[in-house]
Amino acid sequence: MSAVLYVPVILIAYRYPRCGILSALATGFAYLGLYALIIPDRTDFAEVLVNTVLLVGIGTLTAILAWQVNEKETNLRGIYDASSAGIFLLSKDGKISGENDRFLSLLGYGEGERPESLSNIWPGGGAARFSGETKNGIETELIARDGRHIPVFLSAAPGPEDRAVCTVVDISQRIQAEREREEERARTREYLDVAGVILLVLDNEMRVRAINRKGCTILGYPEDEIVGQDWTGTYLPTRVKTRVVAVCTAVLRGERDTAFPFENPVLTRTGEERQIAWTIQPIRDDKGAIFSVLASGEDVTRQRQTARALEESEGRYESLVAIAPESIGIYCNGQIVYLNAAALRVLGIGDRTGSGQMPFWPFIHPDSRATVREELTKTQTGVWSSYFQEIRLCRADGGTVYAEATMVPVTHEGRPATQFVLRDITEKRRMEEELRRSEVLYRTIFEASAAPMAIVEKDLTISLANSGFVALSGISRDEIEGKVPWEHFIPARERQKMLDYHRKRYTGDGNAPQSYISTFTDAHGKCRDIIVTASVIPGTERSIISFVDVTVQKEYEKELKGSLREKEALLKEIHHRVKNNMQQVASLLSLQAATVPDSEFAGCLQASESRITAMALVHENLYQSESLASIRAGPYITTLCSEIRRSFSPGPGIGVETAIDDVVLDMDTAIPCGLIVNELVTNAFKHAFAGRDRGRVRVGLRRETGGRLCLRVEDDGAGLPDVFSPDSEGTLGLRLVSALSDQIGGTLSFTSGRGTLFSVTFPYAPPDTVNEGSEDRTSLTAK
């Protein structure tokens with residue numbers, strides 16, 4: 001039965017904790033009384049008493065616990081309702097299951113209105129990503145009922161029944177305050193940066209805490225490289241560190257409480273020193289304690305340099321005035337109170353000191369006194385000019401000079417005075433007169449010149465034209481000068497060339513020719529061939545152009561070239577026919593040699609045939625070459641050696657090698673050289689390789705120093721007899737080699753041992769410089 005009573009006792013104690021104890025006691029005594037009435041037997045009394053105590057104890061304990069829970073709930077509810085932060089309960093599915101009034105008023109919901117879920121008030125999908133467990137909180141924006149976005153600080157913690165307790169704090173005012181603070185900081189920074197002075201903050205360790213843009217600019221460092229650095233160790237010269245530290249330490253200690261001036265140099269990034277004039281004052285915190293030094297500084301480097309330069313310049317000015325080439329003096333109250341050495345010379349005063357007074361007006365020529373008085377009046381009234389006036393002066397020795405004078409007001413010993421500067425232009429006036437006369441002379445020569453001439457400006461405008469140019473162009477002088485550009489007379493096909501040359505002359509390009517051939521088109525459209533000679537007039541941007549009409553000469557030149565081509569064709573035909581005739585003679589000799597029974601006589605005929613072939617090859621090369629008076633030695637000698645080898649057919653083991661420099665021989669040299677090669681190579685094939693099936697003949701022609709050529713013919717055959725002389729031999733060939741060597745002015749030499757070497761060294765001049773004494777050599781060759 002006691003178990004049945006536990007439930008109502010516990011329920012009453014939990015629901016009504018203030019009455020729970022009394023209810024438990026009443027129920028216990030009622031239970032005990034009922035037991036005594038219903039069961040008079042006292043055998044179970046101890047058990048009943050225990051049940052009664054348990055019933056009363058459980059009810060009392062339940063009432064006490066319920067009262068404590070209700071008290072805490074009441075306190076929490078008070079906190080919940082009175083909290084300045086919005087609080088709501090969030091279920092796992094994102095539904096809002098409870099909230100306080102602050103949360104609703106924060107979002108603008110009225111009585112009976114409430115948001116259903118977090119997604120309704122959190123834009124951008126933030127509700128879906130919110131886990132409900134944000135210990136540190138996040139800053140975001142919630143949507144109010146009227147659509148406003150309210151910045152809030154949202155935090156969450158686990159709550160009862162798997163729900164999260166979320167706290168929302170309106171941070172609008174804080175964000176606005178931070179924004180205003182940042183704007184104020186930016187404005188303050190901008191004010192500091194646009195300040196015309198350096199603003200510098202140093203802490204008690206002499207480290208830079210702040211510096212404005214002006215300071216960064218002067219030091220040459222960006223701000224992030226300066227802030228935090230040791231000011232004295234990085235930006236001050238060693239000689240001033242101790243003094244600067246002492247001054248800043250005194251400020252930090254409060255020994256210098258008001259702003260005071262201070263000046264010291266600083267080091268820039270490039271190592272340059274800049275002199276800064278500072279105003280230093282302490283910075284105090286809210287409690288009045290000094291924690292930093294504020295220094296505002298101005299770069300006075302230029303002012304200090306200017307002051308020093310001014311002091312130096314004053315000394316230099318006095319020295320320069322004394323030795324200046326211009327005549328300098330000071331006029332005061334009708335007297336000259338100062339003259340430098342140059343002024344003394346110009347006025348012919350002689351040796352005397354610069355100070356000391358003398359009358360002024362006797363040195364002014366009567367023709368110029370009115371002008372001088374006017375200028376002196378201007379200086380005294382403050383309306384004066386700085387340009388030079390030309391005046392005439394009287395010298396102390398009675399002579400006169402012309403001078404350019406300028407006057408400026410000055411002060412002399414506290415009195416108004418006038419400083420004058422004189423420049424002697426006597427020689428200049430003389431030279432100007434000579435220049436005027438020479439200009440008249442040259443203009444007369446320019447106009448009277450038979451050649452067309454014009455003065456052309458840099459922009460190609462013709463500023464001056466003589467009568468010859470007027471006649472060449474067919475346009476009047478008034479229509480040309482200052483109106484017509486030079487390019488107007490040049491045809492389009494040659495205009496770019498003219499413009500390029502004109503530009504190069506003005507830029508100093510040495511590739512611009514002074515004279516060149518062009519075409520001139522007159523007013524009637526007639527083209528003339530001209531030689532243009534152009535040159536920039538020194539010291540000006542003008543050019544003088546002269547023209548020579550060579551139209552007639554060009555026509556003659558065309559006729560001469562036509563005639564020359566005809567003569568060249570005729571000369572080629574002559575060489576061709578001479579070559580053919582010689583080939584015919586050589587063929588006849590070959591046929592005759594084939595029919596002569598005497599082998600010695602046949603050999604003479606074959607030698608003559610070979611010599612004629614050598615001369616015929618010269619004529620063949622002449623009519624095949626562009627030049628009809630000279631041939632290339634290499635092809636000629638190589639072909640000649642090939643012909644000689646072919647005529648002897650010595651066998652495959654005996655050959656001819658040639659090594660010929662790139663030289664050109666005229667006909668008077670080519671024929672003797674060819675005959676020499678013919679005789680020596682022929683002689684080698686006849687005698688050097690008797691009884692042998694291998695051998696080599698080498699023919700060379702090379703340049704040597706001193707304008708000479710060396711012709712060499714060498715073989716590796718049997719060699720010459722021990723006693724040998726070309727002039728004493730009975731054969732015609734070697735005597736002919738000696739005679740031909742003499743004919744070309746050469747020296748013949750030979751050596752013999754393991755083979756034979758003949759060399760002829762002779763003077764050589766290229767065909768275009770060959771002297772005219774070649775007729776004698778030609779006649780000798782013909783012999």
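Which residue in the turn of the hairpin formed by β1 and β2 has a positive phi? In this predicted model, that residue is G94, whose phi is about 85°, and 5 residues lie between the two strands of the hairpin. Because the model is predicted, local features need pLDDT of at least 70 and side-chain atom pairs count only at pLDDT 80 or more, whereas totals for chains, interfaces and linings use all residues. Residues are numbered from 1 along each chain as its sequence is written, and side-chain values use heavy atoms, with hydrogens and water left out.

- Strands here are DSSP runs of E with at least two residues, numbered from the N terminus.

**Pairing of β1**
- Two strands pair if DSSP finds at least two bridges between them.
- β1 runs antiparallel to strand β5 (residues 164-170), to which 5 bridges join it, and T167 in β5 is the bridge partner of I87.
- With strand β2 (residues 96-99), β1 pairs in the antiparallel sense over 3 bridges, and E99 in β2 is the bridge partner of F88.

**Cysteines**
- The structure holds 0 disulfides, a disulfide being a pair of cysteine sulfur atoms within 2.5 Å.
- C166 is buried, with a relative accessible area of 0%, and C673 is buried as well, with a relative accessible area of 2%.

How values were computed
Helix = DSSP H or I, 4+ residues; strand = E, 2+ residues; numbered from the N terminus. Buried < 20%, exposed > 50% of the residue type's maximum accessible area, 1.4 Å probe, protein only.
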